[in-house]
Amino acid sequence: MHSPGGSPLDGTSSSLTNPSKRKPAGATGTHSRQHSDNLPSGPDQKRTKLSNPSDSGVPRMSKVLGKRPELVDLTKPPTAFQPQKGAKKLVIKNLRTTPRTNDIEKYYHVTKQELLDALQAIFEQKQPRQPLERLYRGVEDLCRHGDESQLFTMLHIRCESYLKYNLHKSIVAEAGPSNVDLLRSTYKHWVIWNAQSTTIRSVFSYLDRSYLLRSKQFLQINDLAITLFRRTVFVTSDSGFNVGAKSVAGICDLVDDDRRGDTRFDPALLRDSISMLNVLAVYGKSFEPRFLEASRTYFEQFAEEQSATSLKNYILSCEKLLAREDYRCNAYNFESTTKRQLMDDAHTILIERYSEKLLDSGSITKLLDEKAVESMKALYDLLRLSGIQKRLKQPWEEYIREAGSEIVKDKSRGDEMVVRLLEFRRVLDIMIRDAFNRDDEFTYSMRQAFGSFINDRKILSAWKNGASKVGEMIAKYIDMLLRGGLKTLPKSLLSDVKDRVDAEQRGQASTADEDAELDRQLDQALELFRFIEGKDVFEAFYKQDLARRLLMGRSASADAERSMLAKLKNECGSNFTHNLEQMFKDQQIARDEMASYKSWCEGTGHTQSKLDLNVNILSAAAWPTYPDTQLSLPDDVAAQIERFEAYYVNKHTGRRLRWKHSLAHCVVKARFNKGPKELLVSAFQAVVLTLFNQIEDKPDGFLTYQQIADNTGLNGPDLDRTLQSLACGKVRVLTKHPKGRDVNPSDTFTVNKSFTDPKYRVKINQIQLKETKEENEETHERVVQDRQFECQAAIVRIMKSRKTMTHANLVAEVINQTKSRGAIEPAEIKKNIEKLIEKDYLEREGGSYTYLA
């Protein structure tokens with residue numbers, strides 16, 4: 001074996017054991033050698049060059065020389081090989097034949113001392129005097145010599161002594177008064193110890209790899225360094241000053257500084273300290289329990305302070321706190337188990353313990369009234385973290401029922417009922433979409449709540465017509481939508497960007513398209529329609545409004561009309577829309593009939609009239625019932641009507657026409673001082689206006705109320721409404737004397753010759769589209785009568801199939817069969833049963849009824 005400086009032996013023999021299991025430097029084969037007297041001995045000796053072999057005593061070897069060449073090339077340089085002279089003899093003087101064991105032991109002793117000196121230098125953060133390579137070779141020689149255990153024991157003792165008496169005292173000496181200062185000092189010396197242990201590991205690498213790696217008794221150097229530091233710092237010392245416990249407290253103090261926004265917070269120190277605890281394997285035992293306990297205390301204090309504020313502030317504060325805790329655990333390398341337990345504790349303390357505050361109906365109602373989507377989303381997310389988000393459904397339903405009931409009961413804004421309900425529904429849909437993450441349970445709760453307050457008889461008792469009011473108002477809203485289109489809607493009901501994205505994802509037309517948006521608004525109205533139980537009221541008013549739109553030509557979109565009819569048919573069945581479909585068919589038949597009439601006029605040679613007559617022939621069964629009104633028509637109009645009636649009766653034998661002048665409308669050309677105009681008026685208005693042609697040349701030029709009544713045949717409310725629309729509305733083509741908003745029998749009327757309007761064609765017949773109070777009451781009465789007939793028909797059907805039933809069972813079955821058309825009170829059912837008994841359909845036997853065939 002040799003050291004980096006040379007061989008430790010003065011001489012050697014082939015029989016001498018080599019400690020390093022390598023051949024000594026300078027030895028070749030089994031040749032012996034001698035060192036000269038001046039050769040250095042010991043570990044630092046230098047290798048000597050061998051002397052040139054002498055020429056004497058070497059026999060000539062002809063066999064080796066072989067055949068000599070015939071020619072010798074004298075131009076080539078001479079080589080070292082001289083075959084004529086043979087091998088030279090080596091002579092070694094003063095050869096020592098005895099082994100030098102003392103020198104070997106001396107070398108090992110010196111090597112150990114050098115390693116001890118190197119360790120001391122490393123501990124003092126200095127460069128060792130010997131090169132690291134030489135120290136490594138020395139460790140290798142000692143290990144090969146069999147001193148591995150002693151070498152490890154020496155290393156263990158020196159490291160333990162340094163950590164206990166030097167590094168530990170240095171940590172305490174450099175620490176400040178606070179736990180954070182002590183933590184900073186601990187981490188500083190941990191970094192120093194890491195660097196020192198790295199150098200030690202490189203020097204003792206051969207020991208680590210060749211001996212400690214396979215040893216079950218001793219730790220490897222890296223594990224030894226970690227273990228010794230952990231024992232020294234995180235185990236109570238003899239003085240009772242536990243650096244580790246205070247360092248852990250310092251970490252908790254750093255977290256507390258971060259939570260309270262203290263500027264002294266050192267994020268780098270926190271991150272590095274957590275990594276140090278993980279390496280030392282004291283994270284779970286020393287840090288985690290203490291950190292979680294401190295966190296629970298902080299959460300309790302935080303919740304107590306914030307609970308005194310409003311629910312909105314409490315939600316936002318908790319949301320920010322949880323976000324910071326989650327970020328800290330991720331950013332500073334906390335263990336996943338710590339994060340899970342920390343967040344569980346936060347959810348328990350902040351959410352579950354204060355669930356009564358979070359689920360307070362009054363506070364949630366306030367948030368929903370304010371449309372605080374972000375706060376509701378934060379509340380939902382908080383409750384979902386603890387798995388109690390379903391408990392939010394109860395205050396959610398209560399709010400919907402209360403707010404919806406207020407809208408339905410508000411008689412002062414009855415005309416706005418459906419728009420307000422749809423705006424309310426729109427807000428709730430946005431809340432479900434953006435705050436509740438499209439939770440189906442909240443959607444279902446909303447529908448349940450809507451169905452509850454829309455059909456609540458106590459709520460609807462505020463209206464004269466009770467449960468029929470909502471169906472009526474939905475029909476009127478759809479009429480407004482189909483007449484005026486999207487321009488009649490408030491902006492709050494229109495789709496936003498998210499709705500358009502959802503529509504495109506579902507493969508539907510983008511709601512940015514006007515037709516698609518109108519279709520969506522109709523769907524929203526149908527959502528309310530689904531909630532109502534009395535659909536017969538809706539049907540009656542929708543049918544009445546549809547008739548006006550078709551007869552007046554006031555539909556905004558024919559496609560929208562057909563689409564709405566298809567939706568109703570899909571929703572309620574073909575029986576519900578049978579009459580509505582017949583109304584569209586009548587319109588087409590009427591167009592064909594008028595084309596045939598005009599062809600007949602041309603074929604029979606009837607002269608063309610200035611009057612362009614257009615007649616709509618309607619089947620009485622499909623269309624609403626309209627009253628017959630006596631009206632004195634102008635002569636040319638009456639002549640045209642008589643001609644058409646003669647043609648139609650002659651063509652369709654057995655049919656009879658009844659003229660409904662209240663539904664007629666026409667265009668009247670009028671001359672004013674500032675130019676001619678075309679007035680789109682009703683038949684009543686047109687008859688009144690043509691009367692003023694008869695007094696055009698008279699100087700006074702006025703007509704009294706009574707004169708107009710006598711010449712038109714109109715009287716009462718019809719005449720009042722007609723004159724009021726011509727003289728008291730926005731478009732005043734007549735002037736009333738005296739001025740005022742109400743029409744009296746003593747009033748007189750003249751033509752407003754100074755009338756002007758930016759449009760050439762002026763609409764004045766909006767009065768025909770408006771429903772009068774009398775018409776409204778008649779429609780409701782007709783619905784009530786129809787319900788009685790439906791109730792009696794249901795009783796007969798049930799009894800015909802059952803033959804015998806008790807009173808309670810019969811009432812329950814009738815309610816079940818008629819609820820889709822309209823709710824009938826048990827008292828009304830009992831009255832209809834009595835009527836059927838009088839008509840001999842049923843017979844009472846004790847407490848039951850029997851059907852009579």
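**Exercise 1. Contact of α5 with α8**

Task: In this predicted model, find which residues of α5 meet which residues of α8, and sort the residues of the contact into nonpolar, polar and charged.

Solution. 
Step 1. On the α5 side, the residues are N179, V180, L182, L183 and T186.
Step 2. On the α8 side, they meet V243, K246, S247, A249, G250, I251, D253 and L254.
Step 3. Sorting the residues of this contact gives seven nonpolar, four polar and two charged. Gly is counted as polar.

**Exercise 2. α5 against α7**

Task: Determine the orientation of α5 and α7, the hand of their crossing, and the make-up of their contact.

Solution. 
Step 1. Helix α7 covers residues 221-234 and packs with α5 at an angle of about 150°, the axes being 10 Å apart.
Step 2. An angle over 145 degrees counts as roughly antiparallel. α5 and α7 are therefore roughly antiparallel to each other.
Step 3. The crossing of α5 and α7 is right-handed.
Step 4. From α5, the contact takes T186, H189, W190, W193, S197, I200 and R201. From α7, it takes I221, N222, A225, I226, F229 and V233.
Step 5. The residues of the contact of α5 with α7 comprise eight nonpolar, four polar and one charged.

**Exercise 3. The second largest cavity**

Task: Give the volume of the second largest cavity, name the residues that line it, and say which element supplies the largest share of the lining.

Solution. 
Step 1. The volume of the second largest cavity is about 60 Å³.
Step 2. Its lining consists of L422, R425, R426, D429, L493, R520, Q521 and Q524.
Step 3. Two or more lining residues come from each of α17 (417-435) and α22 (514-531). The largest share, four residues, belongs to α17.
Step 4. By class, the lining of the second largest cavity has two nonpolar, two polar and four charged residues.

Notes. Residues are numbered from 1 along each chain as its sequence is written. This is a predicted model: local features need pLDDT of at least 70, side-chain atom pairs count only at pLDDT 80 or more; totals for chains, interfaces and linings use all residues. Side-chain values use heavy atoms; hydrogens and water are left out. On a 1 Å grid over the protein atoms alone, a cavity is a set of points where a 1.4 Å probe fits but cannot get out, and a pocket is an open set with protein on both sides within 12 Å along at least five of seven lines; lining residues have an atom within 4 Å of a point. Grid points are joined across faces, edges and corners, and a volume is the space filled by probe spheres set on the points. Contact means heavy atoms within 4.5 Å. Axes are lines fitted to C-alpha atoms, for helices over the stretch in contact, and angles run from 0 to 180 degrees between N-to-C directions. Angles under 35 degrees count as roughly parallel, over 145 as roughly antiparallel, 65 to 115 as roughly perpendicular and the rest as oblique. A crossing is left-handed if the near helix is turned anticlockwise from the far one by less than a right angle, and right-handed if clockwise.
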